[in-house]
Amino acid sequence: MQVWKIQCVLLQTVKDEDEVIRGMSENMIVKFEKYWNDYSVTLAMGAVLDPRMKLEMLRCCYSEIDVSTADEKVAHVKSNLYMLFEKYAAATTNNNQSNSNVQTNLTSGPLPKTSRSTTSVKRGMFDELKKHNMILISQAGKSQLDVYLYEPIKELDEELDVLKWWKGKVTRFPDLSILARDLLSIPITTVASESAFSIGAHVLNKYRSRLLPKNVQALICTRNWLHGFANNDEDDDESNDIGNGTTSRMVD
């Protein structure tokens, strides 16, 4: 959503009456298209797994950018999402078969009456709920992903915790909830790793990195111990003072 908002703003400002604004927007669009000419499929699938969006809102967003390619982009995201879901469903089936064999071997030996009854009750309740859910889905001839996408989208609530929402749907969507958990928890970085070790101007502000200040100091200090600070004519005295000050504080 954030990437889409940025592109929408750029497309609007490129038609601005102010010549300066137009020029800035054109330059920014060139830079934007270098990295985001094709939207990340992973981010798009994450948007589909947001119950406030799904495919309908994704199609609407794509249409705002380019109506002629919206359906093609949505179909591409949908096919990749189904392909990924099938892998998760297959993995769950294999795990269930393995667990069933292990449980059969375990229960073949003698167990205390109390432990046996407690274990069987817990397993029976879970299996019964899962079996009932799978029966409902199979009767409709739909997968968990089909059911999720068919249901109406939720109201736009900015306070909704999507991961928490999926956590509450584990019983109803056992395989899909695991997929959503793995996909939505992927961390996204905005700075290349080598930039963290660059000491040019000795500045790593909040717009270039999400590193904690103590981690930045540790990285600069470690590089100083290994290689020392290079004497670059381009670095002014102030920058050198900042770097040396940081190192001295770390050593102290």
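Is Glu 151 buried, partly exposed or exposed? In this predicted model, Glu 151 has a relative accessible area of 22% and is therefore classed as partly exposed. Its side chain forms a salt bridge with that of Arg 172, with an N to O distance of 2.3 Å. The pair links distant parts of the chain, 21 residues apart: Glu 151 is in the loop between α7 and α8, and Arg 172 is in the loop between α8 and α9. Arg 172 is also partly exposed, at 34%.

The whole structure contains 4 salt bridges. Among them is the pair Arg 52 and Asp 50, at 2.7 Å from N to O. Arg 52 counts as buried, with 14% relative accessibility, and Asp 50 counts as buried at 11%. A further salt bridge joins Asp 71 to Arg 59 at 3.3 Å, N to O. Because Asp 71 lies in helix α5 and Arg 59 in helix α4, this pair ties together parts that are 12 residues apart in sequence. Asp 71 is exposed, at 51%, whereas Arg 59 is partly exposed, at 35%.

The largest nonpolar core comprises 24 residues, of which Tyr 148, Trp 166 and Leu 176 touch the most other members. Helices α3, α4, α5, α7, α8 and α9 each supply at least two residues of this core; α5 gives the most, with 5 residues. Leaving aside residues up to four places away in sequence, the contacts of Tyr 148 include Asp 50, Pro 51, Trp 165, Trp 166 and Leu 176. A second, separate core of 5 residues includes Trp 4, Cys 8, Met 53 and Cys 61.

Technical notes: Residues numbered from 1 in each chain as written. Predicted model: local features only at pLDDT ≥ 70, side-chain atom pairs only at ≥ 80, totals over all residues. Heavy atoms only, no water. Core = buried A, V, L, I, M, F, W, Y, C linked by side-chain atoms within 4.5 Å. Buried < 20%, exposed > 50% of the residue type's maximum accessible area, 1.4 Å probe, protein only. Helix = DSSP H or I, 4+ residues; strand = E, 2+ residues; numbered from the N terminus. Contact = heavy atoms within 4.5 Å.
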